[in-house]
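Here is a colleague's note to read with the structure open beside you. Take the points one at a time, and find each named part on the screen before moving on.

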2 protein chains.
Amino acid sequence: MPWELDNDRPIYLQLMERIQHDIISGVYKPGDKIPSVRDLALDAAVNPNTMQKALSELERSGLLYSQRTSGRFITDDEKLLKKMKMDLASEHIHQFFEQMHHLGFSDDETLEMIQDVLRREQYGTDS
Amino acid sequence: MPWELDNDRPIYLQLMERIQHDIISGVYKPGDKIPSVRDLALDAAVNPNTMQKALSELERSGLLYSQRTSGRFITDDEKLLKKMKMDLASEHIHQFFEQMHHLGFSDDETLEMIQDVLRREQYGTDS
DNA sequence: ATGATTGTACTATATCTATAATACAGTTTA
DNA sequence: TAAACTGTATTATAGATATAGTACAATCAT
């Protein structure tokens, strides 16, 4: 299926984020070979050049490495994977609170809204 | 001071978000006249055309309206302002949990991480 | 050995974005 | 009344982005 992409940001950046999340969350396992540029591009419904750009940019973080003629692989460094997972989560949390703060919600108010949402989802999505 | 803008997304979109937040969080009060296109552009260190685009796009949401020769004003509709504030907050919350879920964190795990972060900030930023 | 697959490179083209530089009609201000 | 300011419009230019199409050398599978 085509990946969910919006037109508000460069596609290659969105591809990078998606793949990074897939690596870090374990969709691809350490050491795994990932699909070829062309296959990934086909899956994402995107030009191969765009996917190539996303992947080569991603290599700079060390999550991926390419073997020029045999394919592209996930790093074996599980410590790095775990670290990036925690770093990303922390980043998401801080950005979220920054947005809420800018909207005028304090940390406590934000926490309450979150708990409300979670409670509501626990007992069903309607009402 | 120049506004905080990154190069990953179109500037006019970032301006829109910033101004929208400023309206909704009350930096600009209902009925207020906001600074002119040129002044805002100067403040943001951005081309007047770019600011003009951001403002005219923003008008479609109803938060602003322009009087062609006298200036641009915040809506008086406080009900709309409150609604947009809650809608935006809700959107931020859902997007945040979606990101965390994609990283592999459950709702409960995410909530715990948040509480950790808040506890840590309560007792000082170091350590 | 042969053919398919791999990452990579290159050119060309179209669109979007951002800036610069003007211009104009109506309103406000002094 | 005259000058300054308002939103808006226009043209031109430069850069980033996305796609299309093609090519090549090394490796892998059969």
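1. Start where protein meets DNA. A backbone N or O atom of A:Val37 lies 3.1 Å from a phosphate oxygen of DNA strand C. Please keep in mind from here on that this is a predicted model.

2. Chain B reaches the strand through side chains. In B:Thr50, a side-chain N or O atom is 2.7 Å from a phosphate oxygen of DNA strand C. For B:Thr69, a side-chain N or O atom is 3.1 Å from a sugar or linking oxygen of DNA strand C.

3. Which elements give two or more residues to the surface near DNA strand C? From chain A they are helix H2 (37-44), helix H3 (48-58) and strand S3 (71-74). From chain B they are H1 and helix H3 (48-58). H3(B) gives the most to this surface, with three residues.

4. DNA strand C is surrounded by 20 residues, and the closest are A:Arg68, A:Arg72, B:Ile11, B:Thr50 and B:Thr69. Of the atoms of DNA strand C that come within 4 Å of the protein, 66% belong to sugar and phosphate. By class, the surface near DNA strand C has eleven polar, five charged and four nonpolar residues.

5. Next, turn to the two protein chains. Here 32 residues of chain B are in contact with 32 residues of chain A. Between them the chains bury about 3,000 Å², and 77% of that is on carbon and sulfur atoms. On the chain B side, B:Ile93, B:His102 and B:Leu103 lose the most area to chain A, together 21% of what that side buries.

6. What holds for charged and polar pairs at this interface?

7. Helix H1 (11-24), helix H4 (78-103) and helix H5 (107-122) of chain B each give two or more residues to the side that touches chain A. H4(B) gives the most, with 13 residues. That side of chain B divides into 17 nonpolar, eight polar and seven charged residues.

8. Stay with chain A for its own architecture. The domain assignment gives domain 1 (11-76) and domain 2 (79-126) of chain A. Taken over C-alpha atoms, the centres of these two domains are 28 Å apart.

9. How many residues of domain 1 of chain A are in contact with domain 2 of chain A? Nine are, and they meet six residues of domain 2. The two domains of chain A bury about 680 Å² between them, 80% of it on carbon and sulfur atoms. Within domain 1 of chain A, A:His21, A:Ile24 and A:Leu63 lose the most area to domain 2, together 55% of what that side buries.

10. Finally, check the polar side of this domain interface. Between domain 1 and domain 2 of chain A there are zero salt bridges, and one residue pair is in polar contact, both residues at pLDDT 80 or more. The side of domain 1 of chain A that touches domain 2 has five polar, four nonpolar and no charged residues.

How values were computed:
Residues are numbered from 1 along each chain as its sequence is written. Chains are lettered from A and ligands numbered from 1 in the order in which they are written. This is a predicted model: local features need pLDDT of at least 70, side-chain atom pairs count only at pLDDT 80 or more; totals for chains, interfaces and linings use all residues. Side-chain values use heavy atoms; hydrogens and water are left out. Domain bounds come from an automatic or database domain assignment. Contact means heavy atoms within 4.5 Å. Buried area is the accessible area (1.4 Å probe) that two parts lose on being put together, summed over both. A salt bridge is a side-chain nitrogen of Lys or Arg within 4 Å of a carboxyl oxygen of Asp or Glu. A polar contact is a pair of N or O atoms within 3.5 Å; within protein, one must be able to donate a hydrogen and the other to accept it, and residues adjacent in sequence count only if both atoms are side-chain atoms. Ala, Val, Leu, Ile, Met, Phe, Trp, Tyr, Cys and Pro count as nonpolar, Asp, Glu, Lys and Arg as charged, and the others, Gly among them, as polar. Helices (H or I, at least four residues) and strands (E, at least two) are DSSP runs, numbered from the N terminus. A residue is near a molecule or strand if one of its heavy atoms lies within 4 Å of it.
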